[in-house]
Amino acid sequence: MRINLASVFVDDQDKALRFYTDVLGFVEKHRIPLGGHDWLTVVSPEDPDGTELVLEPNQHPAAKAYQQALTADGIPVNSFAVADVRAEHQRLRALGVRFTREPMDVGSAVIAILDDTCGNLIQIAEMKN
């Protein structure tokens with residue numbers, strides 16, 4: 001068994017696709033029209049056949065409430081692995097990304113938390129060996 005899909009609720013799929021591809025560096029994998037929204041996934045260019053991230057519309061009231069509550073409490077909805085948090089922080093800052101937590105050593109990892117502009121906080125993490 002392996003993880004095939006993970007989802008993140010977003011307030012606008014097109015805006016989310018631009019942020020997750022143009023800023024974070026993922027690549028679009030699938031975009032299938034489903035009426036008012038699309039089945040829209042992105043993947044890491046380092047693992048194009050790996051786990052897909054679904055950019056899921058937050059149209060259901062429970063999805064919006066969940067997203068808003070996590071953001072209000074400063075809790076990231078997902079964590080993405082990076083080789084060097086400090087370097088990635090600098091790269092993303094230069095692109096205008098807002099961070100809610102600057103790079104911080106937490107023992108077994110260095111983490112930072114960013115605002116994805118689509119209603120979520122995302123953690124980036126560099127695991128220590």
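Leaving aside residues up to four places away in sequence, Leu 55 touches Val 8, Val 10, Gln 13, Ala 16, Leu 17, Tyr 20, Leu 40 and Val 42, where contact means heavy atoms within 4.5 Å. This is a predicted model, in which local features need pLDDT of at least 70 and side-chain atom pairs count only at pLDDT 80 or more, while totals for chains, interfaces and linings use all residues. Residues are numbered from 1 along each chain as its sequence is written, and side-chain values use heavy atoms, without hydrogens and water.

Leu 55 is also one of the residues, with Tyr 20, Leu 24 and Leu 114, that touch the most other members of the largest nonpolar core, which has 27 residues. Such a core is a set of buried (under 20% relative accessible area, 1.4 Å probe, protein chains only) Ala, Val, Leu, Ile, Met, Phe, Trp, Tyr and Cys residues joined through side-chain atoms within 4.5 Å. Its largest share, five residues, comes from α1.

Elsewhere, four strands form an open sheet in the order β5-β8-β7-β6, with mixed pairing; strands are DSSP runs of E with at least two residues, and helices are runs of H or I with at least four, and two strands pair if DSSP finds at least two bridges between them. The edge strands are β5 (78–81) and β6 (99–105). β5 runs parallel to β8 (residues 121–127), joined by four bridges, and Asn 78 stands opposite Ile 122 in β8. β6 and β7, by contrast, pair in the antiparallel sense over four bridges, with Asp 105 opposite Val 110 in β7.

Key. Buried means under 20% relative accessible area, exposed over 50%, partly exposed in between (1.4 Å probe, protein chains only).
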